Structure formats: structure tokens, C-alpha cells
Amino acid sequence: MRNTGEIDAVDAALLLALTESPRATVLALAERVGLSRNTVQARLARLEERGALSSFERRIDPGALGYPLTAFVTVQVTQRMLTEVAAALDGVPEVLEVHGLSGQTDLLVHVVARDADDLYRIAGQLLATEGVERTTTALVMRKLVEHRMAPLLERAIRGDRDDG
């Protein structure tokens with residue numbers, strides 16, 4: 001993960017416009033935020049280089065690909081093997097993302113599955129990974145808040161640091 005640094009209000013406005021209209025052309029974004037096309041193109045390139053603007057894969061619904069079940073698997077790892085375990089998890093197509101955690105659990109693994117039997121297979125595959133000591137699987141029953149960035153972008157545009 002690259003260091004994204006702070007973005008300014010103009011970058012935040014540009015990113016907010018992009019979240020609201022992901023298919024917008026550079027020209028349409030420029031008109032929306034009141035900048036020249038070249039400025040918008042340069043800012044978008046800089047945001048991508050810094051890692052502040054990443055893949056749009058998150059917008060693809062795994063259910064549309066035949067993976068309607070979502071689960072989170074907590075994983076305890078033999079510490080010396082964290083790199084190897086992460087590499088092995090990267091090779092499992094149903095693993096969407098892996099977060100390293102502090103506390104009792106080492107990793108939080110976001111997975112998708114075709115059905116309960118498939119989830120059982122995937123959980124078994126994770127547990128069988130060399131260096132994995134223990135796993136716990138929690139099935140997502142319902143998503144209550146979708147992934148979102150707009151509230152943070154709106155705060156950055158206003159220049160707020162905290163609503164409290």
C-alpha cells in the first residue's frame with residue numbers, strides 16, 4: 001500500500017464527482033469541478049500515482065459472478081510465516097482482501113463463496129495453509145452500510161477535521 005498523503009479540497013471535490021459519476025469523462029469532471037481538462041487529467045494522474053485513487057474492482061458485485069455469500073475469516077498465524085501466509089491467501093480467487101490486525105487475531109480475510117458447501121471448502125483451504133494456526137468464519141447475513149467515501153470527501157472539501 002502506497003502512502004497517499006493528504007489530499008486538498010480540490011482533489012476531494014474531483015474524487016467526489018468521480019464517485020457520483022464513475023463513467024464521467026475528464027471533460028465532464030472538469031466542468032463539474034470548475035477546472036481545466038488538463039488540470040483534472042494531471043490531478044487524476046497524480047492521485048493514481050500516490051495510490052489515493054485505486055482500482056474500480058470494488059464496484060463489481062461478486063453475486064453477479066455467482067458468489068452470493070460473503071464471509072469474514074479471522075486467522076491466527078505463526079508470526080514468522082506471515083509473509084508466506086499472505087502470499088498463499090493471495091492465490092485463493094475467493095479471497096477479496098486481507099487485512100493485518102492488532103490484537104488476538106492476526107488477519108481478517110474477506111471471502112466470497114457460491115454456497116455454504118463452497119464456503120466450507122474455502123474455510124478448509126485457509127485453515128490448511130501452512131502457517132495458519134486457527135481460523136474463525138463469520139457469514140455476512142446482511143450489509144447494513146455500503147462501502148462509501150463520499151462523507152469523508154465532503155468533509156475534506158469543507159476542510160473539517162472532525163464533526164465532534
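Pro93 is exposed, with a relative accessible area of 71%, where exposed denotes over 50% relative accessible area, buried under 20% and partly exposed the range in between, computed with a 1.4 Å probe on protein chains only. The structure is a predicted model, in which local features need pLDDT of at least 70 and side-chain atom pairs count only at pLDDT 80 or more, whereas totals for chains, interfaces and linings use all residues. Residues are numbered from 1 along each chain as its sequence is written, and side-chain values rest on heavy atoms, with hydrogens and water left out. Pro93 is situated in the loop between H4 and E2, the helices (H or I, at least four residues) and strands (E, at least two) being DSSP runs numbered from the N terminus. Between Pro93 and Ala150 the separation is 57 residues in sequence and 29 Å in space, C-alpha to C-alpha.

Helix H1 (residues 9–20) packs with helix H3 (residues 37–50) at an angle of about 90°, the axes being 11 Å apart; axes here are lines fitted to C-alpha atoms, for helices over the stretch in contact, and angles run from 0 to 180 degrees between N-to-C directions. H1 and H3 are therefore roughly perpendicular to each other, in a scheme where 65 to 115 degrees count as roughly perpendicular, under 35 as roughly parallel, over 145 as roughly antiparallel and the rest as oblique. On the H1 side the contact (heavy atoms within 4.5 Å) is made by Val10, Asp11, Leu14, Leu15 and Leu18, and on the H3 side by Val40, Arg43, Leu44, Arg46, Leu47 and Arg50. Of the residues in the contact of H1 with H3, seven are nonpolar, none is polar and four are charged, with Ala, Val, Leu, Ile, Met, Phe, Trp, Tyr, Cys and Pro taken as nonpolar, Asp, Glu, Lys and Arg as charged, and the others, Gly among them, as polar.

Across the whole structure, seven salt bridges are found, the criterion being a side-chain nitrogen of Lys or Arg within 4 Å of a carboxyl oxygen of Asp or Glu. One of these joins the side chains of Asp11 and Arg43 at 2.6 Å, N to O, and the pair links distant parts of the chain, since Asp11 belongs to helix H1 and Arg43 to helix H3, 32 residues apart. Both partners are buried, Asp11 with a relative accessible area of 1% and Arg43 with one of 16%. When residues up to four places away in sequence are not counted, Arg43 touches Asp8, Val10, Asp11, Leu14 and Leu35.

A salt bridge is also formed by the side chains of Arg32 and Glu20 (2.1 Å, N to O), which connects Arg32 in helix H2 (residues 26–33) with Glu20 in helix H1, 12 residues apart. Arg32 is partly exposed at 48% relative accessible area, and Glu20 likewise counts as partly exposed, at 43%. In a further salt bridge, the closest N and O atoms of Glu94 and Arg121 are 2.8 Å apart; Glu94 lies in the loop between H4 and E2 and Arg121 in helix H5 (residues 116–127), so the pair ties together parts that are 27 residues apart in sequence. Glu94 is buried, with a relative accessible area of 8%, whereas Arg121 is partly exposed, with a relative accessible area of 39%. Salt bridges that share partners join Asp8, Asp11, Arg43 and Arg46 into one network.

The strands form an open sheet of four with the order E2-E3-E1-E4 and antiparallel pairing, two strands being paired if DSSP finds at least two bridges between them. Strand E2 (95–100) and strand E4 (132–139) stand at the edges with a single partner strand each, so one side of each is left without a neighbour in the sheet. Neighbouring strands of this sheet are turned on average by 20° against each other, direction ignored. Helix H4 (residues 82–90) packs on the sheet, where H4 touches E1, E2, E3 and E4, and the direction of H4 makes about 15° with that of E3.

Strand E1 (residues 69–77) and strand E3 (residues 107–113) run antiparallel and are joined by seven bridges; Val75 stands opposite Leu107 in E3, and Ala71 opposite Val111 in E3. Five bridges pair E2 with E3 in the antiparallel sense, and Val98 has Val109 in E3 as its bridge partner. E2 and E3 form a hairpin with six residues between them, and Gly103 in the turn has a positive phi of about 100°. E3 is mostly covered, six of its seven residues being buried.
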